[in-house]
Amino acid sequence: MIQFEDVGKMYPATSKGGEPTIAVQEFSLRIEDGEFCSIVGPSGCGKTTILNMLAGFETPTRGQIVVGDDVVTKPGPERTVVFQRPSLLPWMTVSDNIGFGLTIRDKNPKGHQQEIMQMVEEMGLSGFESHFPYQLSGGMQQRVSIARALITDPTSLLMDEPFGALDAQTRSDMQRFLLELWKTSQPTVLFITHDVDEAILLSDRVVVMTPRPGMVAEEFSIELKRPRKWDSILSTEFLRYKKQILSVLRQEAG
Amino acid sequence: MGYPWGNQKAEIIDEMPMAATDMTIMESGRNYRGYVPWIAALVALIVWEVVAALHLVSAVALPSPVQVFRDLIATATVGYSGQTLLSSTLFSFGRIAVGFALAVLVGIPIGFWMATTDWVFLIIDPFLQFLRPIPPLAYLPLIVAWFGIGELPKVILIFFCTIPIVIISAMSGVKGVQENRKRVAECFGANRWQMFRYVILPSALPEVFTGMRVGIGVAWTCLVAAEMIAASRGLGWMIMSAGGQLQIGVVFVGIIIIGLLGYGMELGIRTLEKKMVPWKGRA
Ligand SMILES: Nc1ncnc2c1ncn2[C@@H]1O[C@H](COP(=O)(O)OP(=O)(O)O)[C@@H](O)[C@H]1O
Ligand SMILES: [Mg+2]
């Protein structure tokens, strides 16, 4: 279970005379184990800030975040992150990138070949394990990022607009692919996106945020039955959710 | 007729490194890379020969390439003022190699340390910034006064004129590490050493290489200047002394050897760079 308790984040004033920014304010949210939870909201409303605080990269200036029984104070391998821009290490091959978490954890760069090869296969990356990231397409790079995040068996997976930079077709392939993965290992997912269709299609729950300073505007439990397919987004139920969410977003935009 | 679009295709692919996977297309368009530099050098030689043959400049001031080649043979076999070309070259090269290698070995760790530890930066930066803009010739008299005119002062000079470049490039390489890459390692619980080994060091390598290439050029400038003033052998000394006796052919020989050595070192660093940072410019 992940719990945001009245979390606030203020970025300090800059030395060049920029005002302090209150990025997030009074943000409270509870995510159950194994839940797929999406956050949508206008650009700049603090979505990345929220994810970074949960990951432990930033500390809240108010409130706290509790994961299981512990308050989050620093990053940890049980909460892995997939960034929007593939953050692969360009000097490592695909298989070394995928195994990076194991290398760090076991202080041993060799000896995980079996796990890595299994992951490579699962991710449809067979034949590319000795390639470097710059030799892969955007979608494949993002699959490597996901593989790297999953290989340490995290209890939660934090994804910050992971498919935002992909073209529509690749994006839809990746959504399907992510659902498959999630079905098998069922980590808790916090998924950030600005694409309402994507949020509804993937999630158990969609959280809509207000513009900055970001708070929860409204939450929607998505009760579309699983497994969901590409044509789920054409069902009347889906469209009803979409209409509700869009209307909250418009209202908030003023 | 041939295929006029063949080369265009290669150029377009060249501009898109992400798409450059089709090696056969790439290489067939790049055949010219093997011979164009040689043609350019040959044309330069011919122009030189023509200018010299037409006596546009006095033959003493501008010997022809053929004359220079004779001087080259003479300095290589008989020597100039008791020093063969090989010994002059080896002395200069040795001074550079030792001084520059020391600067790299000491400079890279200092640069990394300054970039990661604030108090180290605060202590070293003033000295570095103070030393950097001073032309080495300004402190050459001091080095000569303290260390004489043997090998040690030259090595020290090379060391001091190249180490700021190495330190600054290493430092900026470390500072330029992408935040997300560090975060990935933090996420998995990397300790300081692992962070350095797997993220910071490889990120910084491209800039370190750039610094080394600039450093080599500066090293030659410093060395030749120093040899012109306070030395009794080495290429700089040979050039200065031959110039004084109007043996311009020998001056050319010296210049050409320095140029070729510099070029050779650049090629060496490039090869090393390709091996160690194949991803440069693509990530
Ligand atoms: N490191 C930072 N320093 C100062 N302000 C920041 C920093 N990071 C984000 N902000 C500000 O906080 C607000 C929220 O940013 P972010 O969380 O990135 O929004 P989102 O991901 O929803 O687009 C923005 O107004 C942004 O300018
Ligand atoms: Mg963001």
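1. A cavity is here a set of points, on a 1 Å grid over the protein atoms alone, where a 1.4 Å probe fits but cannot get out. In this predicted model, local features need pLDDT of at least 70 and side-chain atom pairs count only at pLDDT 80 or more, while totals for chains, interfaces and linings use all residues. Residues are numbered from 1 along each chain as its sequence is written, and side-chain values use heavy atoms, without hydrogens and water.

2. Three cavities of 30 Å³ or more are found in the whole structure. The largest cavity holds about 50 Å³, a volume being the space filled by probe spheres set on the points. Its lining residues (an atom within 4 Å of a point) include Thr80(A), Arg148(A), Val184(B) and Phe188(B). The lining divides into six nonpolar residues, one polar and one charged.

3. Over all chains there are 21 salt bridges, each a side-chain nitrogen of Lys or Arg within 4 Å of a carboxyl oxygen of Asp or Glu. Lys9(A) pairs in this way with Glu58(A), with the closest N and O atoms 3.6 Å apart. Because Lys9(A) lies in strand S1 and Glu58(A) in the loop between helix H1 and strand S4 of chain A, the pair ties together parts 49 residues apart in sequence. Both Lys9(A) and Glu58(A) are buried (under 20% relative accessible area; exposed is over 50%, partly exposed in between, with a 1.4 Å probe and protein chains only).

4. A salt bridge also joins Arg205(A) and Glu219(A), at 2.6 Å from N to O. Arg205(A) is buried at 11% relative accessibility, whereas Glu219(A) is partly exposed at 38%.

5. In chain B, a network of salt bridges links Arg213(B), Glu266(B), Arg270(B), Glu273(B) and Lys280(B).

Technical notes
Chains are lettered from A and ligands numbered from 1 in the order in which they are written. On a 1 Å grid over the protein atoms alone, a cavity is a set of points where a 1.4 Å probe fits but cannot get out, and a pocket is an open set with protein on both sides within 12 Å along at least five of seven lines; lining residues have an atom within 4 Å of a point. Ala, Val, Leu, Ile, Met, Phe, Trp, Tyr, Cys and Pro count as nonpolar, Asp, Glu, Lys and Arg as charged, and the others, Gly among them, as polar. Helices (H or I, at least four residues) and strands (E, at least two) are DSSP runs, numbered from the N terminus.
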